[in-house]
Amino acid sequence: MSTGIVTGEGVLLESEAASVFSRMLSGIIDYTVYAIGLFVALWVIAMLDVATDLDYKMGAAVAVVIYVTMLVVVPITVETLTRGRSLGRLAAGLRIVRDDGGVTTMRQATIRALLAVVEIWMLFALLALFASMLSPKGKRLGDMVAGTYAARVRGGPRDYLVIVMPPRLALWAARADVARLPDPLALSVRQFLGRASTMHSHSRTRLGTELTEQVQQYVRPLPPPGTHPEEFLTAVLAERREREGRTEWNRVARTRTESAGLARLPYGVADDGS
């Protein structure tokens with residue numbers, strides 16, 4: 001199910017959470033690469049030990065450093081520098097993001113890498129798999145603690161419906177009190193309008209009527225009698241888009257005015273640029 005930020009026009013802004021299968025695929029690729037790197041590094045140390053008669057304690061210390069580097073330092077570095085990507089995630093079309101959709105930080109990458117030592121390396125990924133299957137967003141324990149999840153950033157192209165205000169409802173919409181719709185309802189309306197032309201006529205009528213009854217709770221006065229449900233729903237989304245756009249424009253203009261006022265010298269003193 002889609003989760004994320006929804007605009008007043010019903011557009012889902014945030015990427016969908018990745019499926020457990022996608023996470024498994026990316027994890028298999030990533031941890032196979034790390035395991036190969038670890039094996040090669042330990043093999044090199046073993047060869048040096050044989051060739052140089054390396055002290056046992058020194059060899060053990062070097063081995064510990066290699067383990068920490070490959071299991072913790074490298075994943076942290078890769079995830080931080082690539083802003084949540086890795087070789088496996090590139091192949092699976094995923095990215096690790098914060099719960100609010102933002103870019104992860106080194107702190108979050110560190111938490112994920114440290115917990116991965118336990119839930120993936122020590123327990124053969126069984127704990128991570130179990131946690132991902134129970135989590136709505138497919139999170140493993142490291143994600144739950146760090147406040148992150150794996151988002152899909154690649155997939156088939158999505159054609160978003162262009163919402164255009166029906167001309168005969170423009171005057172009504174401009175004067176109506178149209179409250180912001182709950183995100184799930186706005187998204188349902190937009191998805192319905194985008195798929196309406198491909199739906200069976202009976203299902204189209206039934207669903208359009210149901211959504212209209214729900215949306216009418218947030219609109220006063222109601223549209224003129226005889227308004228088609230799809231025209232009404234389209235008008236509501238279009239009007240919400242326009243009002244949110246004006247609100248944002250006014251906020252930006254107000255911020256610029258306030259900033260200019262703060263920078264202006266008091267009592268009419270001229271700014272000579274010095």
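1. Asp99 counts as partly exposed because its relative accessibility is 36%, where partly exposed lies between buried, under 20% relative accessible area, and exposed, over 50% (1.4 Å probe, protein chains only). Lys139, at 12%, counts as buried. Asp99 and Lys139 form a salt bridge, with their closest N and O atoms 2.8 Å apart; the term means a side-chain nitrogen of Lys or Arg within 4 Å of a carboxyl oxygen of Asp or Glu.

2. Please keep in mind that this is a predicted model, in which local features need pLDDT of at least 70 and side-chain atom pairs count only at pLDDT 80 or more, while totals for chains, interfaces and linings use all residues. Residues are numbered from 1 along each chain as its sequence is written, and side-chain values use heavy atoms, with hydrogens and water left out.

3. A search of the whole structure finds 16 salt bridges. One of them joins the side chains of Asp143 and Arg23 at 2.7 Å, N to O, and both Asp143 and Arg23 are buried. A network of salt bridges links Arg23, Glu79, Arg89, Arg112 and Asp143.

4. Glu231 and Arg168 also form a salt bridge, their closest N and O atoms being 3.1 Å apart. Glu231 is partly exposed, at 28% relative accessible area, and Arg168 is partly exposed too, at 47%.
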